[in-house]
Amino acid sequence: MTVGRFAPSPSGRIHLGNILCCLLAWLSARQKGGKVILRIEDLDTARCPQRYADQMIADLQWLGLTWDEGPVAGGPCQPYFQSRRTALYQQALETLQAQGLVYPCFCTRAELHAASAPHRSDGQPVYPGTCRALSPAQAAERAYVRAPALRLRVPDEDWGFLDGHMGAYRENLARDCGDFLLRRSDGMFAYQLAVVVDDAAMGVTEVVRGADLLGSTPRQLYLYKLLGLPAPSFCHFPLLLAPDGRRLSKRDADAGLDALRGRVTAPELLGWLAGLAGFNPSGEPCTPQQLLPRFSWDLVPKEDIRLPVMER
């Protein structure tokens, strides 16, 4: 059975891009007779207070995008909050450490961005391996001054996959990414590790998410292999952009539900979004159930979608 999921980070009120992600994940799983899991990715508890998660849950309920497992619904994989699942990430980290693939890194973010190393297309620096060859004595000496992050050694290999919507994608882990973080210097586990552990533990078979995470997939596939876990299939969809071409942001409250809920109904909002995504051309109001027979990945564009200017 297909098991899809929506895994938002509650760092603010959800915006239209988050809603489109949930809608596509919901439709893709439900159309196959599958189920949907809601998982709250609140590893950064300082940025993700409980009140934001509670509001996000209420917003999804208002939209009618229901879930079979997760907060409120319960389920066999509780807890469905990442902040309460860190013991699982620690176990996975120890598995990787036992393979001799983890090492301490003392580089600061500012140092990495200032380095002359190449950067990815998303602006993130490719880690140049600065701390990769530190001896145990050198690492211990530096640890007196700064707590280290932990990085995973990657091979000089190409890792590719066939995305269910965007098609073939390939990266060289060493050249295009570099050794990546598993745990930050403050002890917080990194997204790449947590998402792999959780999707596998929850039996997720299909991941639907924005194209900004397309480049994360080779790293995650590498982790699935190292941890001996089954990998899901992936479908990445184009991003919704603000009318001026900016990426939508919770921080800036772009197209947030706090502004929209008083102006439109849930079917009006979902029908309009489905129109932008190509499978409800008229943009007429629709419930999630009414959109099920209309949805097809073949109709969803592959280029980013710029929102029209909204009337105030």
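Two packed helices are described by the angle between their axes and the distance between the axes; here axes are lines fitted to C-alpha atoms, for helices over the stretch in contact, and angles run from 0 to 180 degrees between N-to-C directions. In this predicted model, helix α3 (residues 86-98) packs with helix α8 (residues 217-227) at an angle of about 80°, their axes being 10 Å apart. Because angles of 65 to 115 degrees count as roughly perpendicular, α3 is roughly perpendicular to α8.

The residues that meet are Ala92, Thr95 and Leu96 from α3, and Leu223, Leu226 and Leu227 from α8. Sorted by class, the contact of α3 with α8 has 5 nonpolar residues, 1 polar residue and no charged residues.

## Surroundings of α8

Helix α8 is mostly covered, with 10 of its 11 residues buried; among them are Arg219 and Gln220, as well as Leu223, Leu226 and Leu227, which are also the α8 residues that meet α3. Just after α8, glycine 228 takes a positive phi of about 65°.

## Nonpolar cores

The largest nonpolar core has 46 residues, and of these Leu16, Ile19, Leu24, Leu63 and Phe279 touch the most other members. Two or more residues each come from α1 (16-31), β2 (35-38), α2 (50-63), β9 (233-237), α9 (257-260) and α10 (266-276), and α1 gives the most, with 11 residues.

Isoleucine 19, leaving aside its neighbours within four places in sequence, is in contact with Ile14, Leu63, Leu65, Leu257, Leu269, Leu270 and Leu273. A second, separate core of 38 residues includes Val102, Val154, Cys177 and Phe189.

## The β5-β6 hairpin

Strand β5 (residues 158-163) pairs with strand β6 (residues 167-172) in the antiparallel sense over 6 bridges, and a hairpin joins the two strands through 3 residues. Within this pairing, aspartate 158 stands opposite asparagine 172 in β6.

In a regular strand the side chains alternate between the two faces of the sheet. In β5, the covered face holds Trp159, Phe161 and Asp163, whereas the uncovered face holds Asp158, Gly160 and Leu162.

## Alanine 143

Alanine 143 lies in helix α5 (residues 136-143), and it counts as partly exposed because its relative accessibility is 39%. The C-alpha atoms of alanine 143 and cysteine 105 are separated by 9.6 Å, although the two residues are 38 residues apart along the chain.

Technical notes
Residues are numbered from 1 along each chain as its sequence is written. This is a predicted model: local features need pLDDT of at least 70, side-chain atom pairs count only at pLDDT 80 or more; totals for chains, interfaces and linings use all residues. Side-chain values use heavy atoms; hydrogens and water are left out. Helices (H or I, at least four residues) and strands (E, at least two) are DSSP runs, numbered from the N terminus. Angles under 35 degrees count as roughly parallel, over 145 as roughly antiparallel, 65 to 115 as roughly perpendicular and the rest as oblique. Contact means heavy atoms within 4.5 Å. Ala, Val, Leu, Ile, Met, Phe, Trp, Tyr, Cys and Pro count as nonpolar, Asp, Glu, Lys and Arg as charged, and the others, Gly among them, as polar. Buried means under 20% relative accessible area, exposed over 50%, partly exposed in between (1.4 Å probe, protein chains only). A nonpolar core is a set of buried Ala, Val, Leu, Ile, Met, Phe, Trp, Tyr and Cys residues joined through side-chain atoms within 4.5 Å. Two strands pair if DSSP finds at least two bridges between them.
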